[in-house]
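The questions below go through one protein model, step by step. Look at the sequence and the structure before reading on.

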Amino acid sequence: MGTGSSPCASCKLLRRRCAKDCIFAPYFPPDDPHKFAIVHKVFGASNVSKMLQELPIQQRADAVSSLVYEANARVRDPVYGCVGAISFLQNQVSQLQMQLAVAQAEILCIQMQQEPVPSLPTTLMESEDKSPFSTSNSNSINNNFNNNLQQYLSFASSSSSIMQDPVKRESLWT
């Protein structure tokens, strides 16, 4: 029998006499009848009894805890149960990782924009095409910047569709 003279929650719900060796008594106390009611509704008393009897005594408390959790999840989501909650949380983690990657990319863009321009050569250039401000030189700097940004974002591109062009991407803060 459960604690004191009161039958355990399972015996009370099933309207039967609670024996001294009741398998449910240690795990379903009389002061928490909802715990057994939900497990009974989802799994059935007979199945729960069989599961607990097959387990070593030291693992039964964890098994009951898992059964209660799964039963609650099944009541909330009859199709997916715990898997639905796990899938939702995994998707949320993935979205947050993506937001973090975008924020890190924006930080990298800002840092690269604030870097000082490399020192100019002291000798005069022979022609205007070799000027440090020429179109070909600024294109190579932009290409280098975009290559660094592409490498930084490469891990995120495999799991979602981030636009990796910093000009076309919207900022998180504006």
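This is a predicted model: local features need pLDDT of at least 70, side-chain atom pairs count only at pLDDT 80 or more; totals for chains, interfaces and linings use all residues.

Q: Is Cys-11 buried or exposed?
A: The cut-off for a buried residue is a relative accessible area under 20%. Cys-11 has a value of 1%. Cys-11 is therefore buried.

Q: What is the relative accessible area of Cys-109?
A: Cys-109 is another buried cysteine. Its relative accessible area is 8%.

Q: With which residues is Cys-22 in contact, leaving aside its neighbours within four places in sequence?
A: Contact here takes heavy atoms within 4.5 Å. Once the sequence neighbours are set aside, the partners of Cys-22 are Cys-8, Ser-10 and Cys-11.

Q: Which element gives the most residues to the largest nonpolar core?
A: This core has 21 residues, and those that touch the most other members are Cys-8, Cys-22, Phe-24, Phe-28, Val-39 and Leu-52. Two or more residues come from each of helix 1, helix 2, helix 3 and helix 4. The element that gives the most, with five residues, is helix 4.

Q: Why are the buried residues of helix 2 on the same side of the helix?
A: Helix 2 spans residues 33-43, and its buried residues are Phe-36, Ile-38 and Val-39. Around the axis they cover only a limited arc, so they lie on the same side of helix 2; that arc is 165 degrees.

Q: Which residues are exposed on the other side of helix 2?
A: The buried side of helix 2 carries Phe-36, Ile-38 and Val-39. What covers these buried residues includes helix 1 (9-14), helix 3 (45-54) and helix 4 (57-76). On the other side, the exposed residues are His-34 and Lys-41.

Q: Which residue just after helix 2 takes a positive phi?
A: Helix 2 covers residues 33-43. Just after it, a phi of about 90 degrees is found at Gly-44.

Q: What percentage of the residues in the protein is buried?
A: The protein has six helices and zero strands. It counts 174 residues, and the buried share of them is 27%.

Terms used. Residues are numbered from 1 along each chain as its sequence is written. Side-chain values use heavy atoms; hydrogens and water are left out. Buried means under 20% relative accessible area, exposed over 50%, partly exposed in between (1.4 Å probe, protein chains only). Helices (H or I, at least four residues) and strands (E, at least two) are DSSP runs, numbered from the N terminus. The arc is that of the directions from the helix axis to the C-beta atoms. A nonpolar core is a set of buried Ala, Val, Leu, Ile, Met, Phe, Trp, Tyr and Cys residues joined through side-chain atoms within 4.5 Å.
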